[in-house]
Amino acid sequence: MTGRPYEVVIGIETHVELATRSKMFCGCNARWFGAPPNTLVCPVCLGLPGALPVPNRRAIELSIRAGLALHCEVPGHTKFDRKNYIYPDLPKGYQISQYDLPLNTGGWLEIPADGGGTKRVGIVRAHLEEDTGKLIHAGSHSLVDFNRSGVPLLEIVSAPDLSSVTEALAYAEALREILIHSGVSEFRLEEGAARFDTNVSIRFTEGGEVRWPPQSEIKNLNSLRALEQAVTFESQRLWEDWQAAGELRTRKAKITVGWSPETGRTFLQRRKEEAEDYRYFPEPDLVTYATARETVEAIRAALPEMPEARRARFTAEYGLSDYDARILVSEPPLAALFESAVREGGADAKAAANWIAGEVLRSLREKGLRSSEIPIRPLQLAGLVRLVTSREITTRVAKEVFAEMWASGADAAAIVEARGLRQVSDEGEIARVVDDVIATETKAVADYRGGNKRAIEALFGKVMGRMKGKGDPQVVRRLLAEKLGP
Ligand SMILES: [Zn+2]
């Protein structure tokens, strides 16, 4: 409730493209993003007359894998159905989907609950369908690109178990992690290859009666930020509409709304009364399937370690904080980089985690790269970490070395050798620089001796600067303090 006069009730339908090489019912390349329009098409995914679908076995296996990772039942029988509607991005005039016999039913996943502890969110079903093409609006006309048409799409329907925006975001994040870890989908929200349809309603007590008016379905949210903002806006809008005796008071069924990030508002798309009847019927070009138990059990046995288990292991086995474990496990390539650097490269675990959570993530952001595109190999990271933990280079120098490793692909030790960056711990050498700085920086020295102890930082910076960051910081500080006197 958190101070609001109403409770928010949220259910999320998540659409994710599966990580297959080819499309759902033809051999066309499924990696459509960035390809020139209408270059990844054939008679099947263009819906030309006489073309027949051939199901993608891999897509069915990945769907079952997703269901098992989400603790679903995999029923013994399943089939595909036609969902009929007319829209320019749907070449056949129908979408092959699953109606009453989905591949997966009745699962759950766990999220951090608002009130502390964890909460189980029900998964009603997860079914397999094909993605549509894409409309490109250009001024007064619209163009259509069918590259995305027929890409396998898994729709995962949650129960209306989410009670706040925070829980909705936690659910989206937990689902993303599970699907990425199990290799089912790359969950590429930014490419439109993963989208959320979100059902939002409000429940409250009025005059001693519980009111739960019909929900709004917010279509096609393509980022966590959009999910957060749209749900916040729509739940408050429903409440204000009810208070103002608006349409919600008389509405009988749910409405569908869109989200405009530009205006920060939802807008009406259609009322249920106008919504299409999809006239589902069994797809006549495909047979029904009996899912073999052995197949399901083989897929279950091959499930990789799930994010929750991996986080628990990272904290127990490597002594990482929950926070560090959460960052590393959020992206499998980060977790893999960490684990190999420690196990095979012998890097200190906490130090390796810090480098990944710090410089690695920062560099990825700066360069606009995915976590799968880190140019530094685990053994290289381990080499850098060892040079710092053995105090052969300073942290400041290590950051320079890291940047050069990232750019050139060279090993840390080779860069340190070539550029003469090894840390200087020799007291005589450091003492000469300290004496020189004390002799020339008269103002800072006078400040320090006059009682402003913080002036030592300026002197420390000068010494390190003259030594090009290579002076052993502990020795520099000690000698400065000794020579300046109390
Ligand atoms: Zn095709």
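Where does Asp324 sit in this structure? Asp324 has its place in helix 6, and that helix is a handy way into what is a predicted model.

**Helix 6 against helix 8**

- Two packed helices can be described by the angle between their axes and by the distance between those axes.
- Here, helix 6 covers residues 322-329 and helix 8 covers residues 349-367, and the two pack at an angle of about 60°. Their axes are 10 Å apart.
- Because of that angle, helix 6 counts as oblique to helix 8.
- The crossing where helix 6 passes helix 8 is left-handed.
- On the helix 6 side, the contact is made by Asp324, Ile327 and Leu328. Helix 8 brings Ala353, Ile356 and Ala357.
- Sorted by class, this contact has five nonpolar residues, one charged residue and no polar ones.

**A closer look at Asp324**

- Asp324 has 22 C-beta neighbours inside 10 Å, so Asp324 counts as buried.
- Which residues does Asp324 contact once its neighbours within four places in sequence are left aside? They are Ala353 and Ala357, and both of these also belong to the helix 8 side of the helix pair.
- Glu305 is 19 residues away from Asp324 along the chain, and the C-alpha atoms of the two are separated by 18 Å.

**Helix 10 against helix 11**

- Helix 10 (residues 395-408) and helix 11 (residues 412-419) have axes that come within 9 Å and cross at roughly 115°.
- That angle is why helix 10 is described as roughly perpendicular to helix 11.
- Is the crossing of helix 10 and helix 11 left-handed or right-handed? It's right-handed.
- Val401, Glu404 and Met405 of helix 10 make the contact with Ala412, Ile415 and Val416 of helix 11.
- By class, the contact of helix 10 with helix 11 has five nonpolar, no polar and one charged residues.

**Two nonpolar cores**

- The largest nonpolar core has 68 residues. Which of them touch the most other members? They are Ala66, Leu70, Ala126, Leu154, Ala168, Tyr171 and Leu179.
- Helix 2 (residues 165-181) gives the most to this core, with eight residues.
- Take Tyr171 from that list: leaving aside its neighbours within four places in sequence, Tyr171 is in contact with Ile12, Ile111, Val121, Ser158 and Leu162.
- There's also a second, separate core, with 35 residues. Among them are Ala325, Ile376, Leu381 and Met405, and Met405 is a residue that also turns up in the contact of helix 10 with helix 11.

- Trp32 is placed in the loop between strand 1 (7-17) and helix 1. Even so, Trp32 counts as buried, because there are 26 C-beta neighbours inside 10 Å.
- Not counting residues up to four places away in sequence, Trp32 touches Leu40, Asn147, Arg148 and Val151.
- How many residues apart in sequence are Trp32 and Ser149? They are 117 residues apart in sequence, yet 9.3 Å apart in space, C-alpha to C-alpha.
- Tyr448 has its place in helix 13 (residues 442-449). With 22 other C-beta atoms within 10 Å, Tyr448 is buried as well.
- Setting aside residues up to four places away in sequence, Tyr448 touches Lys453, Ala455, Ile456 and Leu484.
- Tyr448 and Pro486 are 38 residues apart along the chain, and their C-alpha atoms are separated by 9.3 Å.

**Loop residues with a positive phi**

- His71 has a phi near 60°, which is a positive value in a residue other than glycine.
- You'll find His71 in the loop between helix 1 (57-69) and strand 2 (77-78). His71 has 15 C-beta neighbours inside 10 Å, so His71 counts as partly exposed.
- Arg391 isn't a glycine either, but has a positive phi of about 60°.
- Where is Arg391? Arg391 lies in the loop between helix 9 (378-389) and helix 10.
- Is Arg391 buried or partly exposed? Arg391 is partly exposed, with 13 other C-beta atoms within 10 Å.

How values were computed:
Residues numbered from 1 in each chain as written. Predicted model: local features only at pLDDT ≥ 70, side-chain atom pairs only at ≥ 80, totals over all residues. Axes fitted to C-alpha atoms, helices over the stretch in contact; angles between N-to-C directions. Helix = DSSP H or I, 4+ residues; strand = E, 2+ residues; numbered from the N terminus. Parallel < 35°, antiparallel > 145°, perpendicular 65-115°, else oblique. Left-handed = near helix turned anticlockwise from the far one by under 90°. Contact = placed C-beta atoms within 7 Å. Nonpolar A, V, L, I, M, F, W, Y, C, P; charged D, E, K, R; others polar. Core = buried A, V, L, I, M, F, W, Y, C linked by C-beta atoms within 7 Å. Buried ≥ 20, exposed ≤ 12 C-beta atoms within 10 Å, placed from the backbone.
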